Amino acid sequence: MLSLLDKWVQENNELANNFKLPEAQEATSPDQNRTNLRQSCSEFHKLLRKIQGIPPDAGHAELELSVVYNASVCFIAQSQIVEAELLLQQATERVLQMTGDDPDTSDPLVLWRTVLKSVRKTAFHHHVLYLLSLQWAIWLTNSYLKTIRDFQEEISALLETLSGKVGDDCRNETKAKFPDVPKLITDPRRLVELLQICTIITQGAERLSEGWSSEVLSDLQAASTLPAARALVAYTHLLSGACLAHMNRPQMALQCYKTALETDSHCVCALYQSILIYRQLKNSQAEIQTLRILHSVSNTKILLLPSSSEPAMAGTHLLSPSLFLRSQSLSSLLSVPSALSVLHSLALKCVLHSRASEGVEHYLDLLAALHSEDQHRIGAKTMTDTQVHAEVSTLPKLPRLYLEAGAALLMAQRPADCMALCSEVISTTQDLLPQKVVLDESETNAAATEDVKEEGEGGLAMFLWTAAAYLLQGHCFTHMKDWKQAVTHYTRCINLLVKVHYKNKVAGFQTQIPSADTDVQQGGDFCILQRLKGLSFAGRGISFTQMDRMKEALRDLQHSLQVLPEGVGAGLWCGEVLWRLSRRCDAAACWEKTWSLPTQPLTETLPVYVQEPQTGPLLDSTELRHRLHELHPV
Amino acid sequence: MEGRCSVETWAEFGLLGKSGRPKVKRGFGANIFICTGCEEVYVFSANERKLTVVLQLPGPVNDLVESHDKQLLVACRCGVYCVDLQLLLHRAHGSSGDASSIPAELKISSEFVVVDADGVSSLLLVGSVLLTLSQTDTSWLLTLYKSPQQTQPTAYEVLGSFHLPQISPVVHDDTKLKAGRTGRSILLCAHFGNRPPPSSSCDAVDTSYPHFCLKPVLFKLLFGVEAALAKSPVVLCGLPDGRLCFLPLGLPGSRLRVLHSLEQPVVFAGASVVVETDPGHAQCLAVVGEQGRVVLIKADKAGPERRGSLARFTEGCVSGPVECGFVDKNCLYYSTGSDLLTLTLSEESAGREDGERGEEALRSPTSLNVCGVAALTEPTCSAAGDVQLLGLTVGGQLRSIRLPMRRRGEGSPRPPSSQVGRSVRDLLSAIGDVCERASALKTVIKSKNQILKQLNQVVNISFLLTKTEEPFPFEEKPIGCHATASWSRSLQKDTLNLKCVLTNSSPYVLERGWTLSVTVFPLSCSSSTGEGTSSTNFMFPFYNLRPGETLEVSLPAAAAGDTSYPLTVNCSLILSLSGFLGEEEVARLPGWQKSCFSLPLNTLTVDWLHASQVISPTGSQSNKETDTLQAFLSSRQIGCSKGDGASKPERYSASVRVSSELLRETLTLKSFHLDTKGPELASPNICFSLLDWLFFEAHGGVKVGREGNEIDSSGLAIRARAPNGATVKLSAKQINVAEENPGKEEGLVCVEVRIESSSVSAVCGLHHAVLRRIQSLLKKAPEKAASTEKVQRLGLRGALQQAEIQQSRLSEALSVGMSSSQTNRFLLGVYQELRANPLLVI
């Protein structure tokens, strides 16, 4: 009997040693590790079944509980939570049989409490505590935060006991030299530390999403001093920042994010969170700056292996923290947009905040990335990626991206490049355009074309892209002062746009002016349509003006103002045409009206290419005012 | 008759395997890769017309693909293996200097694994990205791998994977089986515009079959504007559940989407130019399903009321099943297994009625009269306009199929005389081909019929022999054995020969595959002691035993001096499958090669009486000198061993008493012809006939082959030599058993057979034999009221008394410690006593 016990102890220790051996070599591939893990798991399990074949006996409890611990750790590391839980339950029942207590319940909480009470005085008290820590890990993995809170008392006792063992530790060390002590594959103390901080982080995220930001804050700040991996400490800082942001203290939040980044340079989500705060603060310069950093970081991240960004720890290598950080609200906090999305928002921000040339560079990078072969890895969802950093792709449709890039190029005074991009869009969409698009306004869903069914992109979207491309080309020719060509392209744009019909004609055009309460998507499309109309008419009008065809110019500009009353260029040029047609009073009224409009900076709510062109022939407002003064010398 | 195609067989690879998928693919430099559905991949050089390399993989091969740097990627059950082809071919050439006919062989082991995934069914290389399609329990998995830069095979890095949930296939039942053998799936890649995306040096690969360039409009219509803008290659995969899915490779956030569902396993998909407007742009995507559904996907102008285009799906049906297919510029080739057919894809794609015309074209396939094609390669066009296809037939032959150039629009111009001659020749050869095929089929059918007939006989016979209960309780089975035992002398050694005769009295013929198996083993060690150590088995294969015929075999049952009688002879008929069907047929039934069925016939017994030789009373003329010598030697031996030189050995005896009434009733008929004195036999006659019956009649199916009447003229004693060499005297005499005490009634007349010999074993053996025979006699005796029960009862009482006494003596003797020799002697005494006072057999 004794020799059998010794044999089992020996077998356990050999397995544990075997497991530690390859772990020591960093070079092993994750695949190899996984198979190794699977193998050890089944071995431990086999051993355990052998041991549990004999009736429970306090004499070999230490061995049995150690093997249960090892097997369960292996199961948890493979995310086989149910199996691990079963093992723990069996073990607790057997412990109760050893101590002679009656389990008489199947409720795990009560069971655990009974077990803890009954083993307090026994020699294997510590081993039962190890198992409790595994139970804690399972609860955490399953996000049973309430259970953990209910068990808070026992858990803190556990923490105390195990950390109180520091003194015993050296004794343990010496004992480990004897072969008759069953070895554990991970240090339970490290595990408990890991669990502690992960619990605080998960709890923090959950409670934060429930709105208890101020309560959480102190916990998190306390947790930031706990001994743990830097990545986890960085998460505590990040969460504190999120709390502060929630409590409307953006500057302090920024400070926290900064600390998080300083703690762990891989904590990209802190960067992203600070971007969101800068956006909220409308500090576009800082936002662009941060986006730039985020972009460069995520660029390098692509090159690195996915596992290297993973917070890894030496002691608890087996159980990765990502196992315990599975809460939904946490992962939404930790999510970072994909590298391409970051690049896109960086480019867009630059363009919107008058850094056109830089924006153009970013746009070109983005397009190049899209065409390169390497981006398969971005398109495909990688399996190896742990779920902690879920990447969100918010990239717009490709034609829109092209058009934005085109608009940026035009702003950066590169009309030829812009035209190339636009013609690419046109050549792609042209032969697919239906004869007409009928918009059913009574329906809330947008762009229901009657005959043509395009999956994904409706005919309307295709129309809008093509029209916008023509509009941009018109702008380019205007920029190059090729008025005739400009008129041709604006006309093409207009011809396309008039093919969009409305079903409810009764309501007339007036009701279709977008208001804030209309459906976003429909309103968006409709708004774009209106703006395209307004801008193309305005552009053609301006071109006609340059060609001295005042009548056509006036007609187009007035059309434009009808569709898009807030068009500044159209307003000013309409006045100018009127002035040239010697309708000076009308001209003055027109100018006055235009000046009274609030000046609109470029916004993010509309695509760049449907906003007022920054180029083209300009009218000097001071000169116009001067003329008005001459008209009304009062 | 437009022109016949010429077929040339290039190589043979044996029958196609069931587990993998047959494939033929063209590679670089006239290399052709062939998988026959087994574990092998063959590399065949089209220039040299010979097999250059054979690769042996660890599992059935599903797919293979050649990369641009001449690496061969092979998808197996257990993963994807990468082999450097150049190295292989180089090695093959190096070794082929002298022995050019032997291809290089290479066993592919796990060190060549580059992708460790189970059940990869299709492969595709797009640039440096390797795509694998595999089936999991719940979904289809399309996985992207990055090819490593260096050339040595290292594991490929996973880029990502796409899932498509499985649906239960909406196919007919009979195809489910076929789909079960790893659902055949296909992967191909559509490119936008003229050429594939600029990547390293993969043009050569990316322009041939699984890659094609679609006409831009069709591309945009099918795969969307975004894919077109990004110029992204689109992967198409056809699944066994009938779905044709696509995935734009270069788009962020793209998903695997279903393009069309064929509702039957997709066998082939490919693109055809149809009519050349832009060079290299395919205008038509053709998909073929297993049951013969063909879908042609083309871009079409929308109706006159609106501009724009739409994709038109023309569905049609050809008579299935379709084994494989291929398209070239304007034709779709497909094989139904029994014929290779071609469909001309319609050219005038402009008109409105195009759709109908397309269906029309689908209805009129042209037969090419090539049968058994299981896999096709991409057609190649020679300068002369001939189209060459490579096909792998069901029989494992690599065939080159050359189609003559089709002249369209030219009506039927008079061909030059040489061509006429050629076409006649082709025609004749085709007829010959068909004839050959037909005759081959005929012989196959004939042999199948024959086998069925024979199988019927076999089933009948086995039914007859295994049906043991009712019809033949006593009489013998219609097929059975009987034997004659006789002594013969060869090589100075006497042996007891057994001549077994198998009689077929059943109405069935025992045809091929039958074997008579005779097992001889001593009764004493039949089952419990010896594990066949002393049993001998004789097998006699035979052929065609018609009803009424007999088969005679003779076998040595035992040598002289072998005293382990009685012998049991088990006869059985064995039908072996390999003998019945022939080795080749059986080889097709794995697991049945060694199987045979055994049908037990009957069991014969050769006992002491059979084995003892009668010593002629008239003289010792039959006794040769050797016999005397032997006798002398044996007596010397006995003398030596005994030591004390006892001149007269002890005599043992045993006797059996049979009532003469019984004998008279049962033996009369038999001895009637022997003795014509009448039914009332005198007492010596009874004794005589009993001895005669004991010695010379057949017992237990075994007769003794003795010549002449060698019974003592008095007819009351026979001297015989037992097989162990001892002389035995059997004597019969009639006695009157009068019961001692009551004495009133008339005593019963009975015959006592007495066995006397100096050898105990001979006495025992013969006694046993005589008893056995009389037992059988009793079975034959008609039932009658036992008038003599009293006598019997008295006898029984006496016997019981004696038995009690003996038992008490026995237990007494055994309980008291005795030396072994004493025990033996004592036991012998008891035995003799038992034998000397026999019970009367009535």
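Modeller: Helices (H or I, at least four residues) and strands (E, at least two) are DSSP runs, numbered from the N terminus. This is a predicted model, in which local features need pLDDT of at least 70 and side-chain atom pairs count only at pLDDT 80 or more, while totals for chains, interfaces and linings use all residues, and side-chain values use heavy atoms, with hydrogens and water left out. Residues are numbered from 1 along each chain as its sequence is written, and chains are lettered from A and ligands numbered from 1 in the order in which they are written.

Biologist: At what angle do helix α6 and helix α10 of chain A pack?
Modeller: Helix α6 (residues 125–141) and helix α10 (residues 188–210) of chain A pack at about 30 degrees, and their axes are 10 Å apart; axes are lines fitted to C-alpha atoms, for helices over the stretch in contact, and angles run from 0 to 180 degrees between N-to-C directions. The two are therefore roughly parallel to each other, since angles under 35 degrees count as roughly parallel, over 145 as roughly antiparallel, 65 to 115 as roughly perpendicular and the rest as oblique.

Biologist: Which residues of α6(A) and α10(A) meet?
Modeller: Among them are A:Tyr130, A:Leu134 and A:Trp136 in α6(A), and A:Pro188, A:Leu191 and A:Cys198 in α10(A), with contact meaning heavy atoms within 4.5 Å. By class, the contact of α6(A) with α10(A) has ten nonpolar, four polar and no charged residues; Ala, Val, Leu, Ile, Met, Phe, Trp, Tyr, Cys and Pro count as nonpolar, Asp, Glu, Lys and Arg as charged, and the others, Gly among them, as polar.

Biologist: And how do α26 and α28 of chain A pack?
Modeller: Helix α26 (residues 568–580) and helix α28 (residues 621–631) of chain A pack at about 40 degrees, with their axes 12 Å apart, and that makes α26(A) oblique to α28(A). A:Leu572, A:Glu576 and A:Trp579 of α26(A) make the contact with A:Ser621, A:Leu624, A:Arg627 and A:Leu631 of α28(A), which by class gives four nonpolar, one polar and two charged residues.

Biologist: Is A:Lys481 buried or exposed?
Modeller: A:Lys481 counts as exposed because its relative accessibility is 59%; buried means under 20% relative accessible area, exposed over 50%, and partly exposed in between (1.4 Å probe, protein chains only).

Biologist: Now chain B: how many helices and strands?
Modeller: Chain B has 16 helices and 46 strands, and of its 842 residues 47% count as buried.

Biologist: What is the mean pLDDT there?
Modeller: The mean pLDDT of chain B is 72, and 66% of its residues reach 70 or more, where pLDDT is the predictor's confidence in each residue, from 0 to 100. Over residues 526–532 of chain B the pLDDT is below 50.

Biologist: And what ipTM for the complex?
Modeller: The predictor gives an ipTM of 0.72 and a pTM of 0.62.
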